[in-house]
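The stops below are meant to be selected in order.

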Amino acid sequence: MQLGERAGLKPAPPLRDVFGEALLDLCRDNPRVVVLDGDLSNSTQTKYVREAFPQRFFNIGLAESNLISIGAGLAACGLIPFLTSFSSFLLCNAYDQLRISIALASVNAKVVGSHGGITLGKDGPTAMGIEDLALVGGLPTFTILVPSDPASMHKAVRAAAEHVGPVFLRSSRLAAPHIYPDHDCPFEIGKANVVREGSDLTIIGCGLMVSAALDAAASLADEGMEARVIDMHTIRPMDVEAIAAAARETGAIVTAEEHLLHGGMGSNIARIVAATHAVPMRFVGLADTYTDSADPYDLFEKYSLTPTDIAIAAREAVAAKR
Amino acid sequence: MSVTLTQALDLQTMREKARSLRLDVLDMTTLARSGHPSSCFSSIEIMTALYFGGILRYRSDEPHWPERDRFIMSKGHAAPLLYAVLAHAGYFDREELWTLRQVNSRLEGHPIEDKLPGIETTTGSLGKGLSVGLGHVLGGRLNNLNYRVHVLLGDGECQEGQIWEAAIAAAHFKADNLVAIVDYNKYQETGPISREMELEPFAEKWRAFGWHVEEVDGHEIQALIETFKAVQEVKGQPSMIIAHTTKGKGVSFVEADYTFHGRALTPEEAARAREELLCS
């Protein structure tokens, strides 16, 4: 069963394609935007910008460290650089450059990591971004955005450009369905979106896992359990009020993310829940492991990231309330 | 106090300037009881030529003047020298130099972008500055500005892989307004470069990467100025100036002992050093 099918969501193109279109739109509107790519423009989909605005596109080649620091120089010239490659290559190859050249002085650069999570699938764990949120979380000045569908990707790209300061934006390869039905959504950095109302528990997801959370909520509804679902599109600054309200009003929280549990979205939400309104929590994500190379849906099954796994976690969390 | 468009000082005044920069770095690091004075001393004449020899165009009262020539201190451990030069150039009050490495001071152990006026980028973890400089080159093209970008590298720093990523890219982008200078004092933290991790044949490496290369005595101000002017005529490729220097230059017992890297002089040593510098 495809993501979002159970919840009745309409299929949509892969988020990386939507990112490519959104970035092209942005370049049309804002002449200060420049794009640097690490020889993966056919995968990150910055190729549209390369074709339309060749003078504002630079292929830096397979040199992510160089790419990030060059971006810092461009930002210092008053330009808005979008620095793109696979999430894992940028965060892992160029972490020191992200830290020194960008994070420390809060430089106005936008880092876009594509192929986040496990859903690039068959290329396997060397190219997966399963630790990207934890790594960028270690760079205090970075705003962290994880859009969940085409509408929120378009908004996130705009928000990243408008925000003054470093932004990390995660994109992914697998097709995510439309979460927001009219192709438009509210998108304010640091303000989570409630995408389904419910009072028995709250499922908080980011990226593709918002669709999975909505699928799980649809199944739970058949059992008479109404789950609130939150699209946590901003991992930092995190919406403390939405999390505290979810804890207070629904009494149990499940988090779902395509990332290691260690240092990801869920652990940060747990920190907020513990400090505001402690309630039972369960966490869906990758337990300390790398995955096989395989079809994304086979990986979801093997590593317990399916809507069924979220529903099991939800029942446990609700049971723990009593 | 501010300098608009630099005018070259005469040679004798520049030599005096170099001496006062050495004394200021000595006082700053001795007061802070830490820092890398010997790595600063080897770069003093290079910095003097750039900032006071009519090479860099800058406005110290307008540090973000879009048309300014860029200077990037990639060997960030020479921060005390950068700060002293910026103070002497009028970017901020010289009295602030004595706050180096103290709580709430703007003079951090290594330079942080815009923490002080005139700091173009954050450095300190080595290898970053040449790439950032290339970013300024590409940004200048997009902004239709024709400033020049100078990046000062340490020799040990050239063991970082990112330097060679930037070297490839700068040649690819024909960055002929990019000038890298290596302070080639032949020592790294642990010892002589030839023993620890040899860089030779150094000039040949840069030439093979597509750079125009000049070699110069890094303590001869006049020769440095002439070299900086000569590379302005190079078209279609970036320029590397290998400046042969002496670590700890100006203080005999620091020159003679490479273990001074990464430590300040004791007050007693500093007094001896001061005497030598004043008599030289």
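This is a predicted model: local features need pLDDT of at least 70, side-chain atom pairs count only at pLDDT 80 or more; totals for chains, interfaces and linings use all residues.

Residues are numbered from 1 along each chain as its sequence is written, while chains are lettered from A and ligands numbered from 1 in the order in which they are written.

Select chain A. It holds 13 helices and 12 strands; helices (H or I, at least four residues) and strands (E, at least two) are DSSP runs, numbered from the N terminus. The C-alpha trace spans about 60 × 40 × 40 Å along its principal axes. Of the 322 residues, 62% count as buried (20 or more other C-beta atoms within 10 Å of the residue's own; exposed is 12 or fewer, partly exposed in between, with C-beta atoms placed from the backbone).

**Helix H1 of chain A**

Select residues 15-29. The end C-alpha atoms of this helix are 21 Å apart, which agrees with the 21 Å that its 15 residues should span at 1.5 Å a residue (1.5 Å times one less than the number of residues). Buried residues here include A:Leu15, A:Phe19, A:Leu23 and A:Cys27. Among the elements that the buried residues of H1(A) pack against are strand E1 (33-37), strand E3 (80-86) and helix H8 (150-162) of chain A.

**Strand E7 of chain B**

Select residues 239-244 of chain B: five of the six residues are buried. Which strands are joined to E7(B) by six bridges? Strand E3 (residues 178-184) of chain B is one, running parallel to E7(B), and strand E6 (residues 212-217) of chain B is another, also parallel. Two strands pair if DSSP finds at least two bridges between them. To locate the pairings, pick B:Val179 with its bridge partner B:Ser239, then B:Glu214 with B:Ile241. From E6(B) the chain crosses through helix H9 (residues 221-231) of chain B to E7(B), a right-handed β-α-β crossover (clockwise from the first strand over the helix to the second, with the strands pointing away from the viewer).

**Backbone exceptions**

Most residues other than glycine have a negative phi, and most peptide bonds are trans. The bond from A:Arg236 to A:Pro237 is cis, with omega near 0°; A:Pro237 sits in the loop between strand E10 (234-236) and helix H10 (240-250) of chain A. Finish at B:Asn104, where phi is near 70°. B:Asn104 is exposed, with 5 other C-beta atoms within 10 Å.

Methods. Two residues are in contact if their C-beta atoms, placed from the backbone, lie within 7 Å.
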